[in-house]
Each structure stands twice: as C-alpha cells, then as structure tokens.
Amino acid sequence: MFHLRLSWAAVCTSSLILLSGCFSTYDYNSANNFGSKRDAPRQDTTRAYQTQQQYAIVSHKHTNLEMNQFLSDQIAAMDGVNSAIVMLADNTAYVAITIDKTATGTRSGLSGQETNNAGTVRGLYNPSTPFSDYADPKKLATGTNSYETVKNHEHLTHLFKQKIAEKIRSLQPTVSDVYISANRNYINELNRIAQEAWKGQDLKPFLPHFDALSEDIFGTQPTHPTSTE
C-alpha cells in the first residue's frame, strides 16, 4: 500500500508539471511576437503605414530622395528584422527589410519560403553551384544563404508593419506616410541606391527609377484592410 501511494504521488506530480508547462506558455503580441492568435485585433490605433492609400489613390512621384542611415539602423535593430534601408522621398518613408528568426508572426501564411539555405549544412554557399561561392556584392538579398524575403508586401503581417511604421514616425515626426516591403528586388535596388549615398553621391538622378519601382511594388489604388486591423 505504501508503494502504491508513492506511485500515485509520482503520477500526480508529473501531471502537475505537465499542466503547469502547458499554462505557462506565453503567446501574446510583444516586441518579438507579431502573430499571436490569443490577442483580439487592435481597434484602438489607426494604421501607421500606407495610411493615405486606405482611402484614395496615391502617387509615388517625388522631388527629393535621401537615404536615412539613422532610421535604417533603428529599424534593423528591431526583433524580426535583419537589415533595413530607409529612404525618405520628400516626407514619405520607404523601407526595405530582410527578415530573420528573432521574432515570430512577421509573415502571413500566404508567404512561402523564398530563400534556399540548404547549402549551409553541406558547407556550400549555393547547392546549385557547389564549385562556386560567388555572390554579387551589389545584392543584399540573393535568395541563397541569406535572410528571408517576401515578394508581396501584403504578406507581411499587419502588426509587424505597424510597429515598424510607428517607430519611424516617433523618430521622425515629419514623416507623412510609410511604405514597407521585403521584396527581394526592392531590397537590392534600394541597396544599390544606398551604396551611392554612402559614397556621397546625390540621389536625385535615381529619383525617376525609385518612383517607378515604388509604384510597381506598392501600387497606387486603395488597399483593403486585413482581418487583423
């Protein structure tokens, strides 16, 4: 009987440990969790990104372009972001990011894996070209052995984009709107323009290309709010 009581005690103790483990799991929206299913959609704040595009047709035509290193560094320091390039076109901020695994809920379920990192376990840069480790220095995101990209900006989660836009607006109150993308081509093109800025070049000659690229990525027609807004 004594041994039977001990056995039951062990079972009860194990059950309590398992139950406490289940209930101790933290799954709420935070600085590194943008996709919790427990939290109800936020209704107490307005959308901080693509604000004007919610209601009307927008234009991506600008008169001035500059790369803002301070804002780029601040966004790159956020959980979920590996690198960031922030361009200010007049008073509008355009943000190109690559995504890492320091946060969850950054992408919607509609975005597939775009980066091939299979070569890392074999010590290869690109498993498709095992005898070459060449990487184009002009490309920040190559699709191979690099951080994640998302082709469609609408497949970045609302809360992730919201936090990025809110940070930019808090640091640069003159910003009138924010556009955010993790599109690979957009990242690489903004990186190419940023390299010219780092060399001290005037970015105005790049403005027509930048405006056309931004229009292609974000469009001009009014957007539709997601279910999490």
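Me: Starting with Phe210: buried or exposed?
Reply: Phe210 is buried, with a relative accessible area of 0%. Keep in mind that this is a predicted model.

Me: How many aromatic pairs does a search of the whole structure find?
Reply: The search finds five aromatic pairs. One of them joins Tyr94 and Phe210, edge-to-face, with 5.1 Å from centre to centre and 85° between the planes.

Me: Which residues do the ring pairs link into a cluster?
Reply: Tyr94, Tyr179, Tyr186, Phe210 and Phe218.

Me: Let's look at α5 itself. What span should its twelve residues have?
Reply: At 1.5 Å a residue they should span 16 Å, and the end C-alpha atoms of α5 are 16 Å apart, which agrees.

Me: Which residues of α5 are buried?
Reply: Leu207, Phe210, Asp211, Leu213, Ser214, Ile217 and Phe218. They cover an arc of only 165° around the axis, so they lie on the same side of α5.

Me: What covers that buried side, and what does the face turned away from it carry?
Reply: The cover over the buried residues of α5 includes β1, β2, β3, β4 and α4. The face turned away carries the exposed residues Pro208 and Asp216.

Me: What comes just after α5?
Reply: Gly219, with a positive phi of about 70°.

Me: Which residues other than glycine have a positive phi?
Reply: Gln50 is one of them, with phi near 45°, and Asp90 is another, at about 55°. Most residues other than glycine have a negative phi.

Me: Where are Gln50 and Asp90?
Reply: Both are in loops: Gln50 between α1 (2–23) and β1 (65–67), Asp90 between β2 (81–89) and β3 (92–99). Gln50 is buried, with a relative accessible area of 2%, whereas Asp90 is partly exposed, with 32%.

Me: On to the nonpolar cores. How many residues has the largest?
Reply: The largest core has 23 residues. Those with the most contacts inside it are Ile75, Val95, Ile97, Ile164, Ile168, Val178 and Ile180. Two or more residues each come from α2 (69–76), β2, β3, α3 and β4 (177–181).

Me: What is Ile75 in contact with?
Reply: Leaving aside neighbours within four places in sequence, Ile75 is in contact with Val81, Ala84, Val86, Val95, Ile97, Ile164, Lys167 and Ile168.

Me: And which residues does the second, separate core include?
Reply: That core has 22 residues, including Tyr186, Phe206, Leu207 and Ile217.

Me: Last one, Glu148: buried or exposed?
Reply: Glu148 counts as buried, at 8% relative accessibility. Its place is the loop between β3 and α3 (158–171). From C-alpha to C-alpha, Glu148 is 8.9 Å from Asn82, and the two are 66 residues apart in sequence.

Conventions. Residues numbered from 1 in each chain as written. Predicted model: local features only at pLDDT ≥ 70, side-chain atom pairs only at ≥ 80, totals over all residues. Heavy atoms only, no water. Helix = DSSP H or I, 4+ residues; strand = E, 2+ residues; numbered from the N terminus. Buried < 20%, exposed > 50% of the residue type's maximum accessible area, 1.4 Å probe, protein only. Phe/Tyr/Trp six-rings, centres within 6.5 Å; stacked < 30°, edge-to-face > 60°. Core = buried A, V, L, I, M, F, W, Y, C linked by side-chain atoms within 4.5 Å. Contact = heavy atoms within 4.5 Å. Expected span 1.5 Å × (residues − 1). Arc of directions from axis to C-beta.
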